Amino acid sequence: MTAAPQRFHGAQQVGEFDRRAIEDHGIPGYELMTRAGAAAVRLLCLRWPGARRVAVFCGGGNNGGDGLVVARLARAAGLEVELALKGDPDRLKGAAREAWDAWSAATGVGAAALEEVDPACADVVVDALLGT
C-alpha cells in the first residue's frame, strides 16, 4: 500500500480543479464522477480483498453521485451492495442524476432510506453523504 499524500487540497481548490476539468478541458462532470468511482472501487478491492458486502450511504449532491457510481461499479465487480440514499432520487440533478440513472439501469434496484441500512452488516462502509 502506498503512503498517503503529504499535501491535501481544500474544498475550494478541489472545486476549482473540477471546474477547470469541466470548463477548460471539456470533461463532463459525470465522466469525472465515473473516474473517481472507478478509482475508489479499485482501492476498495486492493485494501479489503476479502470484502464481499459493501454498504454505500449517499447524500443528495455530487458526493452522493460519486457514491452511486461506487455502488454500481462495486456491484458490477461482484460485491453485494446495499445502497442508502438521503432524500428522493427524483430530486437529484446534473451528474448525480446521471449516476442515479446509471445505477437504476444497471441494477433495476432502488435505494433504501439511510436508517434502513445497518453498516454493521457490511465488510466495508462507503460514506458519500457530504461533499467537499
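Residue A95 is found in helix α4, where helices (H or I, at least four residues) and strands (E, at least two) are DSSP runs numbered from the N terminus. The model is predicted, so that local features need pLDDT of at least 70 and side-chain atom pairs count only at pLDDT 80 or more, while totals for chains, interfaces and linings use all residues. Residues are numbered from 1 along each chain as its sequence is written, and side-chain values use heavy atoms, with hydrogens and water left out.

With a relative accessibility of 13%, A95 counts as buried; buried means under 20% relative accessible area, exposed over 50%, and partly exposed in between, using a 1.4 Å probe and protein chains only. Apart from neighbours within four places in sequence, A95 is in contact with G29, Y30, M33 and N62, contact meaning heavy atoms within 4.5 Å. A95 and G64 lie 31 residues apart in sequence and 9.9 Å apart in space, from C-alpha to C-alpha.

The next topic is the packing of the helices. Two packed helices are described by the angle between their axes and the distance between the axes. Axes are lines fitted to C-alpha atoms, for helices over the stretch in contact, and angles run from 0 to 180 degrees between N-to-C directions. Helices α2 and α4 pack at an angle of about 60°, with their axes 8 Å apart. They are therefore oblique to each other, given that angles under 35 degrees count as roughly parallel, over 145 as roughly antiparallel, 65 to 115 as roughly perpendicular and the rest as oblique. The crossing of α2 and α4 is right-handed: a crossing has this hand if the near helix is turned clockwise from the far one by less than a right angle, and is left-handed if anticlockwise. In this pair, G29, Y30 and M33 of α2 meet A95, A96, E98, A99 and A102 of α4.

Helix α3 also packs against α4, at an angle of about 20° and with the axes 8 Å apart. This makes α3 roughly parallel to α4. Their crossing is left-handed. Among the residues that make the contact are N62, L68 and R72 of α3 and A95, W100 and W103 of α4. By class, this contact has 10 nonpolar, 3 polar and 2 charged residues; Ala, Val, Leu, Ile, Met, Phe, Trp, Tyr, Cys and Pro count as nonpolar, Asp, Glu, Lys and Arg as charged, and the others, Gly among them, as polar.

The axes of α2 and α3 come within 8 Å and cross at roughly 55°. These two helices, α2 and α3, are therefore oblique, and their crossing is right-handed. Residues of α2 including Y30, M33 and V41 meet residues of α3 including N62, V69 and L73.

The largest nonpolar core has 27 residues, and those with the most contacts inside it are Y30, V54, V56, C58, L68, L83 and W100. A nonpolar core is a set of buried Ala, Val, Leu, Ile, Met, Phe, Trp, Tyr and Cys residues joined through side-chain atoms within 4.5 Å. At least two core residues come from each of α2 (29-47), β1 (53-58), α3 (62-76), β2 (80-85), α4 (94-107) and β3 (124-128). Helix α4 gives the most, with 6 residues. Beyond neighbours within four places in sequence, C58 is in contact with residues including G64, L68, L83 and A128. A second, separate core of 6 residues includes A55, A84, V117 and A122.
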